[in-house]
Amino acid sequence: MDVEGEDAAKVIHVKFVTKLDSPFEAPVRPVVIPSNVTRLGLSTIVNSLLTLENTEPFDFLIDGELIRMSLGEFLLAKGISAERTLEIEYIRAVTPRKEENPSLHDDWVSAVDGSSPRFILTGCCDGLGRLWSSSGSCTHVLEGHSGAISSVAFVNSNGAETVTVATASKDRTLRLFKVDTAESVDSTTRVRAYKILRGHKASVQSVVAQKSGDMVCSSSWDSTISLWHTNDSASEGESFAVKKRKGNNQAEEFQSEGEAETTFVGHTQCVSSVVWPEHDVIYSASWDHSVRRWDVPTGKDSLNLFCGKALNTLDVGGEGSALVAAGGSDPILRVWDPRKPGTSAPVFQFSSHSSWISACKWHKSSWFHLLSASYDGKIMLWDLRTAWPLSIIDTHKDKVLSADWWKGESVVSGGADSNLRISSGISIC
Amino acid sequence: MKKRETANKDQMRETKSKSKNVSVSVKSQKQKAVVKEVKPVEKEVKSLKEEDLLLDSGTDSDYDGDSLSGSLNSDDFDSDIFDSEDDGSQRETEDGDRESSKDEVHGIEGSDDNDDEGEQVDSENGEEDGSGDEGSEQDEVAEESDSSEDEVAPRNTVGDVPLEWYKDEKHIGYDITGKKITKKEKQDKLDSFLATMDDSKNWRKIYDEYNDEEVELTKEESKLIRRMLKGEAPHADFDPYTPYVDWFKWDDAIHPLSSAPEPKRRFIPSKWEAKKVVKYVRAIRKGLIKFDKPEEEPNVYLLWGDDSTSDQKSKHLTYIPPPKLKLPGHEESYNPSLEYIPTEEEKASYELMYEEDRPNFIPTSLSVMVNVFVHRFASLRSIPAYPNALKESFNRCLDLYLCPRVRKKRINIDPESLKPKLPSRKDLRPYPNSCYLEYKGHTGAVTSISTECSGQWIASGSTDGSVRLWEVETGRCLKIWQFDEAVKCVAWNPLSDFPILAVAMGRDLVILNTELGTDEEQKNIKDLLQLGDLPEPKAAVAAIVSWLPDELYGGIKIRHFKNISNIDWHRKGDYLSTVMASGETRGVVIHQISKKVTTKPYKIRGLPVSAVFHPSRSYLFIATKKNVRVYNLLTVDEPVKKLETGMREISSMAIHPGGDNLIVGSKEGKMCWFDMDLSSKPYKTLKNHPKDITNVAYHRSYPLFASSSEDSTAYVFHGKVFNDLNENPLIVPLEILRGHSSSNGGGVLDCKFHPRQPWLFTAGADSIIKLYCH
């Protein structure tokens with residue numbers, strides 16, 4: 001058999017290593033494999049070596065780069081000698097293994113927050129915010145907005161009894177809700193805001209809470225960024241308006257109104273997204289094609305990255321929690337490293353999407369992984385170590401408007417098909 | 001002088017005497033014939049003689065003018081000159097005769113003299129009469145010619161005294177014996193005149209004062225005189241140009257002929273030579289002088305060569321080489337190779353073809369043998385006559401004389417190089433180029449879109465009667481207003497704090513509250529849209545519009561008398577212009593929303609198509625079918641300016657935010673850019689669309705403009721306007737935006753730029769609105 005003989009001639013001595021625990025511990029002895037095996041081939045080899053009960057897809061790294069072609073081509077492209085014994089690290093493939101049942105909304109799901117492992121918070125274009133338990137049932141409905149909700153955020157999700165959430169809406173207000181988690185899970189409870197934050201002159205596009213939960217930051221179409229206090233005590237709220245809400249069957253409620261603590265002015269167009277990764281630092285992305293970093297105490301922008309495109313979304317994370325990922329009015333997800341001096345060119349560009357990018361989120365624990373959602377209906381999982389998406393989730397039938405990581409191993413996303421979808425089982429080591 | 005004359009006369013006399021002898025032997029008949037010929041010549045000689053004498057008298061101090069005057073007849077002199085000139089030809093013939101028969105002439109003259117002259121001569125002749133033969137005479141003549149004239153003694157005996165001494169006397173002097181010599185009786189003028197008339201020889205007579213006698217000049221003498229008058233040597237035999245014979249022997253000379261020192265010029269180079277040399281050198285350099293003889297052209301030439309390239313013929317401007325005959329090939333052969341003979345199938349297919357389409361590869365011998373199969377002839381001898389010879393030579397003649405007389409110059413230029421140098425598209429970024437967002441929801445063709453001033457919302461109107469409000473960012477339809485009629489036009493108020501929408505459908509213009517602003521803004525809008533007490537409209541206006549409340553959505557409805565085709569807000573957001581295409585002279589009205597007043601319409605010439613407010617000043621641009629007129633809003637009805645588009649039918653118009661430039665789209669797919677500072681003619685006309693242009697638009701801040709067309713495309717252009725007045729706008733076509741599908745003959749019905757981003761919204765007849773991003 002000549003052909004086999006030729007194939008056999010191009011063999012590579014490899015040794016598989018891993019950081020995974022049992023039962024994925026690596027076999028010790030090196031193996032000889034043909035050079036034309038791809039990721040699938042490697043995965044089957046490892047699976048057969050490990051003798052797993054359920055086959056497990058793996059991803060393979062050589063010198064910190066993911067293999068996305070045949071082994072021989074990869075070595076050729078990277079200029080790695082095939083003579084010596086190659087060390088291939090395998091990790092569990094980052095791909096959702098399970099698709100949960102979608103949770104249907106009444107309108108487009110425009111915002112989702114998965115920062116709390118217990119709940120998923122969604123905002124809907126019908127003006128209602130919803131809190132979903134991990135079991136997939138809607139426990140609370142946050143009502144009060146007269147316009148579509150554009151952004152939601154957990155302000156304090158760690159409280160034992162109550163969880164504080166903030167919602168931003170097109171009706172130019174933000175609302176803060178306190179949700180009692182101790183209530184029964186069976187029925188849906190409707191919650192009213194305890195505090196209404198007024199001050200923006202146009203739609204509020206994004207809201208984000210400080211880590212401590214004392215303040216929230218919002219950005220608006222009127223190109224301003226405002227900081228608000230979250231506490232409902234009347235001590236500092238000078239406009240301590242007590243309003244009598246039109247009577248449902250519930251008892252009368254007190255709603256306080258708050259005004260902006262600080263307003264950052266600098267952007268010239270709609271500020272579409274803000275993040276508050278550290279105590280004193282706020283990042284913002286705007287339609288004026290810039291990403292800015294604000295110093296909270298002084299209110300000055302200390303960094304101004306020019307992108308050239310209108311930006312819709314922004315997240316900060318990755319290595320040292322310093323990389324800025326942003327997407328906007330083109331299909332390219334860009335990642336900047338602000339620590340890199342003298343340049344404002346993005347360090348990574350991912351361009352597999354085919355339409356506007358509506359959301360991007362870094363994984364909380366990994367330095368390499370981030371997701372992006374796009375109007376083309378796809379959510380892509382990215383690893384900085386490769387230029388191709390690790391995995392594409394295309395369960396949405398329409399535009400994906402928002403997406404987030406949940407519990408470190410799931411992706412929650414809301415879209416124009418009015419569904420909240422959860423893709424779970426993503427193993428990120 | 002005097003001596004010479006006398007000598008001449010002596011000589012003359014002798015010749016006469018000799019000639020007389022000769023004349024005896026000549027026949028009389030011949031004499032007479034010759035005499036007639038000679039006569040005029042003699043006259044001339046006489047005149048010459050007289051002239052000569054005149055000259056002499058002038059120069060010679062010895063002569064007294066008066067003494068001569070008597071003998072001269074000035075009148076005759078003049079007339080004779082003319083006569084002589086007339087007879088020039090005769091003289092020549094006479095000369096010829098003379099040379100041939102010299103003797104005869106002498107004889108004739110002699111006989112003439114004989115008749116006329118006085119006794120003295122006769123006597124002399126008589127004395128010599130008996131003396132010898134012709135030969136001796138010849139010798140004597142030769143002798144006399146040699147003899148010096150000076151030796152002849154004067155015949156008069158008065159002595160060498162001045163004649164004036166006896167001027168008034170009757171005698172002329174005294175002879176040896178002391179007796180007076182009486183003067184010859186002088187003829188008076190009348191006698192001399194009569195003598196002249198009678199005697200044709202009289203003109204030759206000269207009065208010799210000194211000897212007191214009349215002398216008649218011989219023919220020889222007259223010739224002599226004539227030659228002298230011409231400045232020639234007196235004797236005909238004398239050659240003044242005889243080659244010089246250098247008798248001196250230079251070889252033996254020891255000493256130079258001149259003792260003068262060698263002149264300097266012999267040592268220094270000659271300037272003239274130098275100049276000449278320079279002249280030659282220059283001529284050589286210029287190529288005027290060529291040393292090498294041009295090589296002679298070989299006498300052979302290429303029989304079938306291309307003579308169009310030959311230098312000789314191409315020198316002429318108009319030379320057109322005749323079309324070439326085809327070179328003889330195998331098909332001409334009477335005995336072609338076997339492979340050139342067509343097969344049966346080829347022949348059949350050849351026959352089926354039209355004559356023009358027939359290829360040439362098949363041997364002509366096929367066609368030679370009209371509809372007969374090809375033959376190979378064993379020998380040249382067996383070839384029959386060529387049947388097409390006459391036809392082909394006729395065709396050749398046709399080719400030659402029907403050939404175009406105009407030389408067409410084909411220029412080999414790379415067409416790419418003729419394109420104007422435009423900046424690269426990459427440098428003109430950003431501009432919309434790809435569609436990422438679609439706004440779906442309408443069920444009919446979207447006729448009009450309008451962007452809110454902040455760029456967060458767009459409104460669209462459709463033929464399904466609905467007006468929709470969309471969020472730009474997400475593509476979410478926020479609001480729907482449903483009407484009964486197809487919406488023609490929608491327009492956002494340009495003020496950010498008055499988010500109201502003007503919607504035109506049918507004859508109605510509806511002002512809608514979008515309910516987007518803050519509470520305070522909403523309150524203002526509600527106040528604005530309240531129709532309180534309407535001011536009493538003028539009669540002219542009332543016939544056109546009426547203000548009504550809109551029950552359906554709580555706005556204002558302005559009902560017009562004709563269908564509305566176009567609306568435009570003034571930049572201050574209070575005034576609104578509406579155009580009624582069929583309204584003719586009342587086709588454009590302006591509404592003031594705050595006062596609920598409609599102003600008097602302009603008088604429009606032609607059918608109005610579109611009306612646009614100037615972005616910064618109080619002007620209104622009204623486009624009729626062919627022209628655009630600019631009206632001042634504050635003053636008179638007459639247009640301030642008229643822009644001539646040169647287009648068949650204007651469909652749309654947009655004004656640059658700077659206010660000095662205007663684009664006009666037409667139904668034939670042309671778009672004109674007007675620079676109003678430049679001229680009233682289009683600065684540039686762009687012909688891109690194969691079908692009607694439906695709308696044109698400028699971007700508010702980016703140097704972009706766009707046109708949408710019924711061919712389902714939208715074009716994006718870079719249109720930079722410079723602040724420097726010296727620089728003309730730069731127009732670069734950037735992108736063709738495709739994506740809309742055609743439905744019901746409509747393509748893209750409207751295009752609008754995002755007010756802040758370099759994005760373009762296009763509304764299609766396929767009921768989709770697309771957003772093209774950069």
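Colleague: How many of the residues in chain B are buried, as a percentage?

Modeller: In this predicted model, chain B has 774 residues, and 33% of them are buried. The secondary structure of that chain comprises 18 helices and 33 strands.

Colleague: And what about contacts within chain B between residues at least 6 apart in sequence: what share joins residues at least 24 apart?

Modeller: That share is 53% in chain B.

Colleague: Let's turn to the interface. How many residues of chain B are in contact with chain A?

Modeller: Eleven residues of chain B are in contact with 16 residues of chain A. On the chain B side, the residues touching chain A split into five polar, four nonpolar and two charged.

Colleague: Happy with that. How should I read a sheet, and which strands form the open one in chain A?

Modeller: The general idea is that strands of a sheet pair through backbone hydrogen bonds, in either a parallel or an antiparallel way. Here, five strands of chain A make an open sheet, ordered β12-β13-β14-β16-β20, with mixed pairing. Its edge strands are β12 (149-156) and β20 (256-258) of chain A, each of which pairs on one side only. From one strand to the next, the twist averages 25 degrees.

Colleague: In which sense do β16 and β20 of chain A pair?

Modeller: Parallel: β16 (residues 195-198) and β20 of chain A pair that way over three bridges. To find one on screen, look at A:Lys195, whose bridge partner in β20 of chain A is A:Ser256.

Colleague: Where does UniProt place the feature "repeat: WD" in chain A?

Modeller: The unreviewed UniProt entry puts that feature at residues 142-187, 197-238, 264-304 and 350-386 of chain A. In the model, residues 350-386 of chain A are 49% strand and 0% helix, and the end C-alpha atoms of that span lie 9 Å apart.

Colleague: Why does B:Ser767 count as partly exposed?

Modeller: Because B:Ser767 has 19 C-beta neighbours inside 10 Å, whereas a buried residue needs 20 or more. A:Ser321 is exposed, because 12 other C-beta atoms lie within 10 Å and the exposed class takes 12 or fewer.

Notes: Residues are numbered from 1 along each chain as its sequence is written. Chains are lettered from A and ligands numbered from 1 in the order in which they are written. This is a predicted model: local features need pLDDT of at least 70, side-chain atom pairs count only at pLDDT 80 or more; totals for chains, interfaces and linings use all residues. Two residues are in contact if their C-beta atoms, placed from the backbone, lie within 7 Å. Ala, Val, Leu, Ile, Met, Phe, Trp, Tyr, Cys and Pro count as nonpolar, Asp, Glu, Lys and Arg as charged, and the others, Gly among them, as polar. Helices (H or I, at least four residues) and strands (E, at least two) are DSSP runs, numbered from the N terminus. UniProt positions are given in the numbering used here, feature names are shortened, and annotations may be inferred rather than shown by experiment. Two strands pair if DSSP finds at least two bridges between them. Axes are lines fitted to C-alpha atoms, for helices over the stretch in contact, and angles run from 0 to 180 degrees between N-to-C directions.
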